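Welcome, and thanks for taking a look at this one. Below is a short briefing to read alongside the sequence and the 3D view.

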Amino acid sequence: MLEATSGKSGKGCAVLSVAVVGSGPSGVYTAQALLRQSLVPDVRVHVLDRLPTPYGLVRYGVAPDHEKIKSLQNSLRAVLEDDRVAFVGNVGVGGPDGVSPARLAELYHAVVYCVGASADRALAVPGEGLPGSYSATRFVSWYSAHPDVGADPFARDALEARSAVVIGVGNVAVDVARILARGADELRRTDVPPAALGALERSRVRDVHIVGRRGPSQARFTTKELRELGALPGARVLVDPAELALDPAYTAPEEASGAPVLPAVVRRNLEVLRGWSADGGPVGGASCGAGAARRIRLRFFLRPVELLERGGRVAGVRFARTAPDGAGGVLDTGAYEDIEARLVLRAVGYRGVELPGLPFDPVRGTVPHAAGRVLRGGSPSPGEYVAGWIKRGPTGVIGSNRSCAKETVASLLADAPALARRTAADDPLAVLRRWGLRPVEWSGWLSIERAEAELGRSLGRGPVKIPDWSGLLAAARDEDR
Ligand SMILES: Cc1cc2nc3c(=O)[nH]c(=O)nc-3n(C[C@H](O)[C@H](O)[C@H](O)COP(=O)(O)OP(=O)(O)OC[C@H]3O[C@@H](n4cnc5c(N)ncnc54)[C@H](O)[C@@H]3O)c2cc1C
Ligand SMILES: NC(=O)c1ccc[n+]([C@@H]2O[C@H](COP(=O)([O-])OP(=O)(O)OC[C@H]3O[C@@H](n4cnc5c(N)ncnc54)[C@H](OP(=O)(O)O)[C@@H]3O)[C@@H](O)[C@H]2O)c1
């Protein structure tokens, strides 16, 4: 039996106890929106996470050399340190060792799911499972020290490759290509864990091919991120002018009307790409860009059809040459090109994961919702909400999650009088502990931070991330440190 409390019923509502599941940007912005409203005077928010560490992809996705974006953690931290908010790490929801959505709903007036989209997408081409072929998701998690990565997959032999192919032309593709092409010396000042730093130090990768199946008009990277590739010390970016063909879907109406149709970001990207292409010619040849310590070859109109094998591991990628179809898509031309590579990273997007006990749309990889209200059988489910990537799908920068969270919180507040009539536990943490969970609270996270600072000091570096579950949990429990 739970010790139950309920908010004052009636027109308004005085007390609201909310669980936010997930402490990434959407979870923290949800908590922030709940704190900033004035409709319900007394709001208490527990921000739960399956990890003992907060901040989601800001800690485990944003590239380590993007220190300015990483520092957004400071503004997220201010929310989690508010007296009305508690961080409750090491509590998974929906998993075998966690708490089910149904039981969680007994503890709070409302639950907002902000669990992100953590899985990778597959190419569904032959050879994808060969050793040496990985998702960018796994590579990112590895250099970010995510504790789920397990036995170090890249330190062993993947970075023995001289040539690497990155499939996809989004910002994640640019991130992983940049980390491969950046000297490890520059990463020493970041929080990359020692094993990953050592492997990147020993890396023999000299050529990184970033390959898009469509043209530069449809590339998803942003100009700032693209430009950074050209600023890497010792690296040269090569672009084939023949692959910069614009899509007639844009050029035809532009020619007809004389008015610009190309989106501004595409124009800016093209300017950067054309600048690089002026230096080059065809960029496929091994001798092109000779003299640079590392070469980044940006390729377009190549659709992956097969990963090639030699000696039991990946040896390259076969691409079908494509051309614009005039409507934003591409058609195969019948020609093929093989690019040699002993390391292949597919950066073709993330995917939401079904959380047992919560509705899921397997096609979109999201939780069905109406303005953030979870839909069960097409109708809003009382007390259940979503925000962030699990609501919208895996696109958008950190800031996009703020407006997304605000929309969800607006729905929740509109429902507040009814929500406050539901029962909630006085002390949800005590109940979670009775159910066998071992939450890591804010003091535990601070203890992890101190342990990471200590580890860094012992290595003559700034804070260095602890990459495994046992290390994180041991540090969290050692609050006297
Ligand atoms: C590799 C990469 C780099 C990026 N770099 C940038 C960048 O430089 N700048 C930028 O603006 N945007 C960047 N983005 C985009 C940005 O990270 C996302 O917009 C944002 O993180 C999405 O927020 P979210 O809260 O929905 O998901 P997430 O950040 O993924 O947070 C989800 C949280 O939920 C927790 N969780 C998951 N399942 C459960 C469960 N069952 N129970 C409890 N907790 C759970 C997770 O542990 C995690 O902490 C990047 C994205 C990626 C993939
Ligand atoms: N610095 C930053 O701000 C930063 C850094 C990282 C991530 N992010 C954000 O995080 C979000 C996710 O980024 P993302 O790079 O994972 O996804 P993304 O932007 O959706 O890019 C995915 C890329 O994969 C390609 N692709 C998909 N399926 C493919 C297939 N079967 N074969 C070949 N190519 C395929 C796509 O091409 P098509 O277009 O042809 O489908 C696209 O080029 C984005 O909103 C991004 O901006 C931001």
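## A first look at the strands

Arg373 stands opposite Tyr385 in β19. This is a predicted model, where local features need pLDDT of at least 70 and side-chain atom pairs count only at pLDDT 80 or more, while totals for chains, interfaces and linings use all residues. Residues are numbered from 1 along each chain as its sequence is written, chains are lettered from A and ligands numbered from 1 in the order in which they are written, and side-chain values use heavy atoms, with hydrogens and water left out.

Helices (H or I, at least four residues) and strands (E, at least two) are DSSP runs, numbered from the N terminus. Two strands pair if DSSP finds at least two bridges between them.

**The sheet of 7 strands**

- This open sheet has the strand order β4-β3-β2-β5-β19-β18-β17, and its pairing is mixed.
- At its edges stand β4 (85–88) and β17 (369–370), each with a single partner strand, so one side of each has no neighbour in the sheet.
- Helix α15 (residues 400–414) packs on the sheet and touches β2 (15–21), β5 (110–113), β18 and β19 (379–386). Contact here means heavy atoms within 4.5 Å.
- The direction of α15 makes about 125° with that of β19; axes are lines fitted to C-alpha atoms, for helices over the stretch in contact, and angles run from 0 to 180 degrees between N-to-C directions.
- β17 and β18 (residues 373–376) run antiparallel and are joined by 2 bridges, with Val374 in β18 as the bridge partner of His369.
- The hairpin of β17 and β18 has 2 residues between the strands, and Ala371 in its turn has a positive phi of about 50°.
- β18 is also joined to β19, by 3 bridges, and these two run antiparallel.
- The hairpin of β18 and β19 has 2 residues between its strands, and here Gly377 in the turn has a positive phi of about 60°.

**The sheet of 3 strands**

- A second open sheet to look for has the order β12-β13-β14, with antiparallel pairing.
- β12 (302–310) and β14 are its edge strands, each with a single partner, so one side of each is left without a neighbour in the sheet.
- Neighbouring strands of this sheet are turned by 25° against each other on average, direction ignored.
- Between β13 (residues 313–324) and β14 (residues 330–340) there are 8 bridges. Ala320 has Tyr336 as its bridge partner in β14, and Arg318 has Asp338.
- β13 and β14 form a hairpin with 5 residues between them, and Gly326 in the turn has a positive phi of about 85°.

**Pocket and cavity**

- On a 1 Å grid over the protein atoms alone, a cavity is a set of points where a 1.4 Å probe fits but cannot get out, and a pocket is an open set with protein on both sides within 12 Å along at least five of seven lines; lining residues have an atom within 4 Å of a point.
- The second largest pocket has a volume of about 460 Å³, where grid points are joined across faces, edges and corners and a volume is the space filled by probe spheres set on the points.
- Its lining has 19 residues, and Arg59, Lys70, Gln73, Asp191 and Pro463 lie nearest the centre.
- α18 gives the most to this pocket's lining, with 4 residues.
- By class, the lining of this pocket has 5 nonpolar, 5 polar and 9 charged residues. Ala, Val, Leu, Ile, Met, Phe, Trp, Tyr, Cys and Pro count as nonpolar, Asp, Glu, Lys and Arg as charged, and the others, Gly among them, as polar.
- The structure holds 1 cavity of 30 Å³ or more, and about 40 Å³ of space lies in the largest cavity.
- Ile179, Leu180, Arg182, Leu200, Ser203 and Arg294 line the largest cavity.

**Buried and exposed**

- In helix α11 (residues 223–230), Thr223, Glu225, Leu226, Glu228 and Leu229 are buried (under 20% relative accessible area, with exposed over 50% and partly exposed in between; 1.4 Å probe, protein chains only).
- Pro41 lies in the loop between α1 (25–36) and β3 (42–48), and at 65% relative accessibility Pro41 counts as exposed.
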